[in-house]
Structures are given as C-alpha cells and as structure tokens.
Amino acid sequence: MDPPTGPKGILERLDAGEVVIGDGGFVFALEKRGYVKAGPWTPEAAAEYPEAVRQLHREFLRAGSNVMQTFTFYASDDKLENRGNTQRFTGEQINEAACDLAREVADEGDALVAGGVSQTPSYLSCKSEEDVKAIFKKQIDVFVKKNVDFLIAEYFEHVEEAEWAVQVLKTSGKPVAATLCIGPEGDLNGVSPGECAVKLVKAGANIVGINCHFDPETCVKTVKLMKEGVEKAGLKAHYMTQPLGYHTPDCNRQGFIDLPEFPFALEPRILTRWEMQKYARDAYNAGIRYIGGCCGFEPYHIRAVSEELEPERGFLPAGSEKHGKWGTGLELHTKPWVRARARREYWEKLQPASGRPFCPSMSKPDCWGVTKGHAELMQQKEATSKEQLKVLFDKATQNA
C-alpha cells in the first residue's frame, strides 16, 4: 500500500485512529555531530548551520516521521542569554530559521510542522506568571507568522508552567500538544501524572503525554497513568510519548540528568533497534497513537518504530529500502555465522554485552533534591564564576 497523501492535520489523523510517528532528539544528535554545545543545549544551529538541521530533518522523514518538529528547544531569549552563553542570534531569528527548515523538509513528504516551546529559566527563578507567559507569547508569534500546523509545549518538570504554556499556545487557534518530562512519581512538586494530565487538558491541550528524562518503558507507564486520570475525570484527549533512547531503570524523580553518566557517557545505555520495536508495540497497545522519541533517538530508531507499526500504517518508510526487517539483509553476508543471524528469533532473544568487564549494571543517581525556588536554581545572565563552581564541586564530592 502506498503512503497516505494529502495535508491532513494532526487532530484529523489522530481522530481517525492513525498512527503519527514523531522524530527524535535533535539536541543530542546535533551535539554529537558538532553543532550544539552541551550545557546550554540551545539551538543556534538552526540559524548558524542550517544544512545540518535540514539534513537531520530529512533523515527522520526518510525513517518514517510524520512530524517535523521545529528545532526550537530552549530558543527563548532568557535561556539564550543564561549563564554567559554567547548569544549570536536572537530567539526570533532562531525560531524563524527553524520553522523554514522544518517546513521545507515536511513538504518533501507526508509530514506536518510542529512549533515547540519548553520550560524557562525565568520560571525556575520564580518570575511571575505574566513574565513567563510573555516569553511563550514571543515564541508563539513566530510560529503563527510561519503558519506551523500545530504546537507542542514539551519538556516541563512542573505542570504549573506547562499549564501557562498551553494557555498561551491556545491563543493561536492551532491544535496543542503538551508533554511533561516526568515519571510515575509525578512532577517535581509531587503532582501525580493523572492529575497533571487533567490540568493540561483543562488548560486546553488536545494531546497530552511524556517526553524525555526517562526510558520508553517508564514513559509508556507514565502515559498510562495520565490516560487513567483523564478518563476518570470524564475528559477526552489524545496521547503521545517521546522518551529517551536510553535505558534508565535507576533514575529517580529528576530523570537521566541525575545519572552520573549524563550527558557524555550515556552511550552504553542506548536501546537497540529491536528494543525500539518493542517500545513501539507497547505504546500502541497502551492506546498511544503519537509515538516518537527524544534525546538519544537517532533516525534508525524511528525507522524501527515505523517498521514495527507497518501493519497499522500500511506501508514502510523509505529508509527501509536499506534495511531488511529483523535482520534479513544479513542473508547476503559472506560469513555463514552472520547469515545465521538473519532471523527475528535471534535478535529478540539477544542480551547485548557492554564490553566493559567491571561496568555496573546501574548507577547511583545524584539526589540534590532542589527544584523551583531553591537558591541553587536561581538563574543569571553572567557566566558561572569559579567561586560558584567550587561550591558545586565541593557539594558533589560530599554527596558522592
């Protein structure tokens, strides 16, 4: 069957029961490629290195993504100027460039463009609701000007800030999705996933779910709790999940940023493509129809999601041209013992080795226990001083 055609909107697709496949983690992927700096995690590359962002969009499109999410994560001016970050571009310049790139690639296939906003340093520093909403409004103005297809409020640790974002996004008249970066324990103020979802739906979100901070298994579990809460409240919504591409069974409430391996030594935790297929099936069986990825997800992971959901979608992505399902391409290998791996049973049962003889199976997360309003989370425009770093280094040593 050929892929569906026509510019159907996000809600039209979800209302019809279609599977919508998201993309992956642009910030982490582009950091590995040399276009994003770890630490600020800001998306200047959309304006500075557009060819890199364009190519990554195309790879996700080829892998089966139905949504080209604008590379606008943390593209608010208060984040771009935070802690001495060199600001060569304004938030408006970055957001406009990101919208143009996403639209260019989306028009090459059956994809929609989603403009995204995320949590702000201003909220962490206890700025007013009015101040925080003004930051979102400035970003939304660009998305409306560029006529994106729908909007996403993603990566929020506190449901209150996510509610504020949704309320601003709704003024655009476009469909709104809202995803929190929380686990089953709830947001950083202890609001349960079910209650969080109800708050987001009441604020105006059409789609609710989870992104980032936790692995697929944890995120699917959390979305199930959100779904239960929404249904118990007699409300309706669509559901989405865009988890990490890493195994994080040892994470606490703050997720993978508390792991000692974050962010430069997470590779041993990467899910295989076969584990991604299991994730896609588990998410679908949980009633989730917007299925994508976040940090750690590469295009081949999204291709695995697309291949697992081929029966429901009715087609394979273009990228499957170079990939035999369940390793069948290995039938062409010169070595007989590798040809013997050209079967589903082999890859489903494999327990990959780490290659590190003394590597622990899990880590002890940092547990500083600070969140919005704590003195250590107050943000500043000035670069972090050596004196400030020494305090942090000393505390980390004490907590080890």
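View 1. Arg13 is buried, at 3% relative accessible area (buried means under 20%, exposed over 50% and partly exposed in between, with a 1.4 Å probe and protein chains only). This is a predicted model, in which local features need pLDDT of at least 70 and side-chain atom pairs count only at pLDDT 80 or more, while totals for chains, interfaces and linings use all residues. Residues are numbered from 1 along each chain as its sequence is written, and side-chain values use heavy atoms, with hydrogens and water left out. The side chain of Arg13 meets that of Asp110 in a salt bridge, 3.2 Å from N to O (a side-chain nitrogen of Lys or Arg within 4 Å of a carboxyl oxygen of Asp or Glu). Arg13 sits in helix α1 (residues 10-15) and Asp110 in the loop between α6 (91-106) and β3 (112-117), so the two tie together parts that are 97 residues apart in sequence. Helices (H or I, at least four residues) and strands (E, at least two) are DSSP runs, numbered from the N terminus. The salt bridge count comes to 26.

**View 2. Glu59 with Arg33, a link between two helices.** Here the closest N and O atoms of the Glu59–Arg33 salt bridge are 3.8 Å apart. Glu59 belongs to helix α4 (residues 50-63) and Arg33 to helix α2 (residues 26-33), so this pair joins parts that are 26 residues apart in sequence. Glu59 is partly exposed at 28% relative accessible area, and Arg33 is partly exposed at 36%.

View 3. A salt bridge of 2.8 Å, N to O, brings the side chains of Arg58 and Glu108 together. Arg58 is in helix α4 and Glu108 in the loop between α6 and β3, so the pair ties together parts that are 50 residues apart in sequence. Arg58 counts as partly exposed, with 31% relative accessibility; Glu108 is partly exposed too, with 42%.

**View 4. Helix α6 and what covers it.** The 16 residues of α6 should span 22 Å at 1.5 Å a residue, and its end C-alpha atoms are 22 Å apart, which agrees (the expected span is 1.5 Å times one less than the number of residues). Buried residues of α6 include Gly91, Ile94, Cys99, Leu101 and Val105. Among the elements covering the buried residues of α6 are α3 (45-48), α4, β2 (67-69), α5 (77-80), β3 and α8 (129-145).

Notes: Contact = heavy atoms within 4.5 Å.
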